[in-house]
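This briefing moves from the chain as a whole to a few individual loop residues. Please keep the sequence and the structure in view while reading.

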Amino acid sequence: IGGKVWALDDTPQQGVVVQLVQRDTAGMRVVRSVMSAGDGSYRFEHVPAGIYQVRCYRPGEYVYYENGRGVEVGAKGELLGIDIRLATVKRTAWKTYDYIDGLDATTVSTMYQDDADVLWLGTPEGLYHFDGADFTHRGVDFLHLESWEYLPKGGINDFARDREGNLWFTTSKAGLVRFDGRRFDRLTEEDGLLSNAISALLVDRQDNLWIGTDRGLSRYDGARFSHFSENDSLLSRQVNDLFEDRNGRLWIATTHGVLSYDGKAFSRLHMDEKLARSRFAGDDGLAYQHVQCIAEDAVGHLWFGTKEGALRYDGSDFKVFALNDGLVGEDIRDIHIDRDGQLYFAAYTAGISRYDGLGFVNYTIADGLADGRVTNLYETADGAIWAGFFGLRQGFGISSLPAKDLAHFDTRDGLSSKSAYG
């Protein structure tokens, strides 16, 4: 089955999610999911015989081929010309900043905006500041390091701010750094840190600093460190992400699953049992256990990014989101929820997916992203979404999409209903 996706002005639309669906006893089932090419074309290969419907997603609604008319696949060979026309899905392209703009870094691992609206960028070459017009490179001199080797790729990889206004950030091999607005201080293993190789950072509501490392988890109360390892029921020594939910429970993403901490003890989230019957479990049942990031949406559902897709957890059950559901890619490195409750997924090597509770809009290099190797997302005070990348060569930089270009679609744009959730 094949065809093209057109805008209402008869121009082709690229990067639109097109799905082949079939109704069964459980409702509408997605059989295939692809994205339209540069000329608007799409194609579903090796489709079993049956009657299907073809639909496209644009913010807030699915648009069906000929209002849902069934398409029969049988022995007639290819079915082409299954074209769909719908209002424009993506209004603009992302803006990229790179070495031409003064950002001479191959990788941007993390971002943070301070009270003066200055954007801090963590890179292998140290810190960069962006004031909206110019980039300033701070290097690594402030760390009093003797050579660059202490800051390998992804060297500065997380930021967090405490109640006193101190900005903390992590390094891959040089420990933990605190900036009080005037000077920098560094804490290392010599000061009681579990490991100088830090991968995750969080300031909880009690103003404790939680530090995920390659040797386990540390907590710093401003005076001393407490350590947690596999002997304390930690699933893995490698901590990938830390998150505190609305109830104050700490969640820990590791390479072997997810733990939560209620202030007294760790509890394992038994994902294997809950997902045993899911197509996501895979042959070895471990595909979903390498959890890379955690977020919480507006209704309290937890989202986990894994190497094989995204999981939504409502407190009892999981729902799986993968390529067939419209995600641009399945290696989810970061999840961001914006001020309007929309979710953004950083899919490594693929791009970014935006989810509004009903379907996905995807962004790739064709939409202006600096590269497909997206590793982190950040929202600035003006509502713009920023993306950082892992780069293998000069020039990747960062990309941003201004808030005005994320404006909601409504009936004036051809949306049949103003409700995006049905």
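Helices (H or I, at least four residues) and strands (E, at least two) are DSSP runs, numbered from the N terminus. The model is predicted, and its protein chain holds 1 helix and 36 strands.

**The chain as a whole**
- The protein chain has 422 residues, of which 56% count as buried.
- Its accessible surface comes to about 19,100 Å², with 44% of that area belonging to carbon and sulfur atoms.
- Where contacts in the protein chain link residues at least 6 apart in sequence, 50% of them join residues at least 24 apart.

**Asn196**
- Asn196 sits in the loop between strand 17 (184-187) and strand 18 (198-203).
- Asn196 counts as buried because its relative accessibility is 18%, and buried means under 20%.
- A polar atom of the Asn196 side chain lies 2.9 Å from the backbone nitrogen of Glu189.
- Leaving aside residues up to four places away in sequence, Asn196 touches Thr171, Ser172, Lys173, Ala174, Gly175, Thr188 and Glu189.

**Loop residues with positive phi**
- Most residues other than glycine have a negative phi.
- His46, in the loop between strand 4 (41-43) and strand 5 (50-58), has a positive phi near 50°, and this residue is exposed, with a relative accessible area of 71%.
- Asp207, in the loop between strand 18 and strand 19 (209-213), is likewise not a glycine and has a positive phi of about 70°, while its relative accessible area of 23% makes Asp207 partly exposed.

Note on methods
Residues numbered from 1 in each chain as written. Predicted model: local features only at pLDDT ≥ 70, side-chain atom pairs only at ≥ 80, totals over all residues. Heavy atoms only, no water. Buried < 20%, exposed > 50% of the residue type's maximum accessible area, 1.4 Å probe, protein only. Contact = heavy atoms within 4.5 Å. Areas by Shrake-Rupley, 256 points an atom, 1.4 Å probe, with all protein chains shown as cover. Polar contact = N/O pair within 3.5 Å; in protein donor to acceptor, adjacent residues only side chain to side chain.
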